[in-house]
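Work through the exercises below with the model open. Try each task before reading its solution.

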Amino acid sequence: MSRYKVTLHGNMQGIHLHYVSEEHNNLLNTLEQSVPVEYQCREGYCGACRVRLKRGKVGYRQRPVAFINDGEILPCSCYPLSDIEIEL
């Protein structure tokens, strides 16, 4: 079981969440428990949930179809590989 700290910046500055691999299959599930997050498809197709990754690393179970710029991630289809910091 992996546990990583997720630090939020932007509108939710200073909030710290904990991602636990056996409880949350993606980052969106972790975020939804504490903060409002915009999303639509939940599978990496639309890009509505994209956020900026400020620090750390994430992985994808499947490569997302939605276009993302360098430094952006899709919480609906990624999971942390280290402690991360994101900007909502």
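This is a predicted model: local features need pLDDT of at least 70, side-chain atom pairs count only at pLDDT 80 or more; totals for chains, interfaces and linings use all residues.

Numbering starts from 1 along each chain as its sequence is written, and side-chain values use heavy atoms, with hydrogens and water left out.

**Exercise 1. Overall fold**

Solution. 
- Count the elements: one helix and seven strands. Both are DSSP runs, numbered from the N terminus (helices H or I, at least four residues; strands E, at least two).

**Exercise 2. The core**

Find the residues with the most contacts inside the largest nonpolar core.

Solution. 
- A nonpolar core is a set of buried Ala, Val, Leu, Ile, Met, Phe, Trp, Tyr and Cys residues joined through side-chain atoms within 4.5 Å. Buried means under 20% relative accessible area, exposed over 50%, partly exposed in between (1.4 Å probe, protein chains only).
- The largest core has 21 residues; Val 6, Leu 8, Leu 27, Leu 31, Ile 73, Ile 84 and Ile 86 have the most contacts inside it.
- Assign the sources: elements that each supply at least two residues include strand 1 (3-9), helix 1 (27-32) and strand 7 (84-87). Helix 1 gives the largest share, three residues.
- Inspect Leu 31. Leaving out residues up to four places away in sequence, Leu 31 touches Leu 8, Leu 17, Val 37, Pro 75 and Ile 86. Contact means heavy atoms within 4.5 Å.

**Exercise 3. Thr 7**

Is Thr 7 buried or exposed?

Solution. 
- Locate Thr 7: it is found in strand 1.
- Thr 7 has 10% relative accessibility, so it counts as buried.
- List its partners, not counting residues up to four places away in sequence: Ile 15, His 16, Ile 84, Glu 85 and Ile 86.

**Exercise 4. Arg 42**

Where is Arg 42 placed?

Solution. 
- Arg 42 sits in the loop between helix 1 and strand 3.
- Check the backbone: Arg 42 has a positive phi of about 65°, although it is not a glycine.
- At 31% relative accessibility, Arg 42 counts as partly exposed.
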